[in-house]
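Work through the exercises below with the sequence and the model at hand. Each task is followed by a solution in steps.

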Amino acid sequence: MKFFERENERIQIVDGVVNVPSLVNELTGQLSNEEPFYVMDIGNIVRKHQNWIEKMPRVVPHYAVKCNDNDVVCATLAALGASFDCASKGEIAKILNLGVSPDRIIFANPMKPASHLRYADANNVKCMTFDSDVELHKIRKICPDAKLVLRIRCEAEKALCPLGKKFGCDPVEEAPRLIKIARSLNLDLVGISFHVGSGCADFPIYYKAISFARDLFDYAQAQGYEMTLLDIGGGFPGEKGSSIDEVATIVNTALEQFFPDKSVRVISEPGRYYVSSAFTLVTSIQSKRLCLNAKTGAVDRMMYYLNDGVYASFNCILYDHQTPKPVLLGQKSGKKYDTTIWGPTCDALDQLIETIQLPELEIDDWMVFENMGAYTIPVASPFNGFPLPKIYCYISKDTWLMLNDLCPIAEDNFCNSVGSELVVSYENVICA
């Protein structure tokens, strides 16, 4: 398995626990205020994986690459034995280039371009989803030996990003018809999938969706299929302080009731669960404006302009319906003002927070945003010529040794000793 390094990124091994606030304080004392940056805690991802295995041992996680396709994220999860949910030829290529076996990938985009299907077929990625008869005929033409998973629609009422309007067939009216079509085309239907919506806040919906899947397993059996795969999709929380305990209890209960036969393989497609809290974004104030009351001359509102915005890391506001919450570095006191926070571009859409109460801040002051690992990095663009944040990755020595046991790192790839830390290049490292 290969680990890669993006330009200007290094992984630093530290003794003891990775203390993100301390690292942020250290880096802000060393780095220029001109450019934003991320602090990534690799151990956070490792702990999330261990927690998943403990809470839902029957459910094999297939990390949703679209959520954050950072090379270190993907390589870490690959080393831990996670599998992957890919939505395109590019994502499949990225994961295969890590040395991941194609049978650890599900091509989970129900609508696939023909060229992407051909690429998947040529690279032996056979497990894939569909939700329409048109897609079935396309797959039969290009990839007739595909292992097909029918995606049904069963959506949470409360979710950050509902998906049912775009994907998934009705489990009662449409799904039986599609199963019959697959049978008539002599295609290999192996299972059922669903996605309750990204950022789900209605966990009982998993129970309902699993019950629908059970009905369709039985229907497919009557049509001559012996399905063996259930994909419960994504939607799992991953922010700092969140828990999967409630959803795990619901999923485990439903699986025990509807799929007690362990010969049925159960997988999932978590994204934000793994990466949201692993990334902390550090920005600084580049400009400032005081808005005065025309009658009294007093300050009505403060406006600050950061060096990152909605066209870069904060695209999560537009695409993922996030509400970022700033943390100020240093002791700030005094009167609080209605405050608007903007990004750096010339577009008025580039507003991060419309109104928040903050004390007066100054140019070059730092603002920190936690939980910035999901649906930020892969969507960011250098619009208006503003640079994207660098990523500083940290891992504890104990976690590094554990990963090294799973995936040995050649000694000559350690470089640039910095005090008690080691800066490690993952580039072209071949792992067993």
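On a 1 Å grid over the protein atoms alone, a cavity is a set of points where a 1.4 Å probe fits but cannot get out, a pocket is an open set with protein on both sides within 12 Å along at least five of seven lines, and lining residues have an atom within 4 Å of a point. Grid points are joined across faces, edges and corners, and a volume is the space filled by probe spheres set on the points.

The model is predicted: local features need pLDDT of at least 70 and side-chain atom pairs pLDDT 80 or more, while totals for chains, interfaces and linings use all residues. Residues are numbered from 1 along each chain as its sequence is written, and side-chain values use heavy atoms, without hydrogens and water.

**Exercise 1.** Describe the second largest cavity.

Step 1. The search of the whole structure gives 6 cavities of 30 Å³ or more.

Step 2. Sort the lining by class: Ala, Val, Leu, Ile, Met, Phe, Trp, Tyr, Cys and Pro count as nonpolar, Asp, Glu, Lys and Arg as charged, and the others, Gly among them, as polar.

**Exercise 2.** Which element gives the largest share of the lining of the second largest pocket?

Step 1. The volume of this pocket is about 330 Å³. Among its 16 lining residues, Val20, Pro21, Lys240, Thr280 and Glu370 lie nearest the centre.

Step 2. Two or more residues each come from α1 (20-30) and α2 (42-55); helices (H or I, at least four residues) and strands (E, at least two) are DSSP runs, numbered from the N terminus.

Step 3. The largest share, 4 residues, belongs to α1.

**Exercise 3.** Classify the packing of α8 (residues 205-222) against α9 (residues 245-258).

Step 1. Axes are lines fitted to C-alpha atoms, for helices over the stretch in contact, with angles from 0 to 180 degrees between N-to-C directions. Those of α8 and α9 come within 9 Å and cross at roughly 20°.

Step 2. Angles under 35 degrees count as roughly parallel, over 145 as roughly antiparallel, 65 to 115 as roughly perpendicular and the rest as oblique. Therefore α8 and α9 are roughly parallel.

Step 3. Contact (heavy atoms within 4.5 Å) involves Tyr206, Tyr207, Ile210, Ser211 and Arg214 of α8 and, including Val247 and Phe258, residues of α9. By class, this contact has 9 nonpolar, 2 polar and 1 charged residues.
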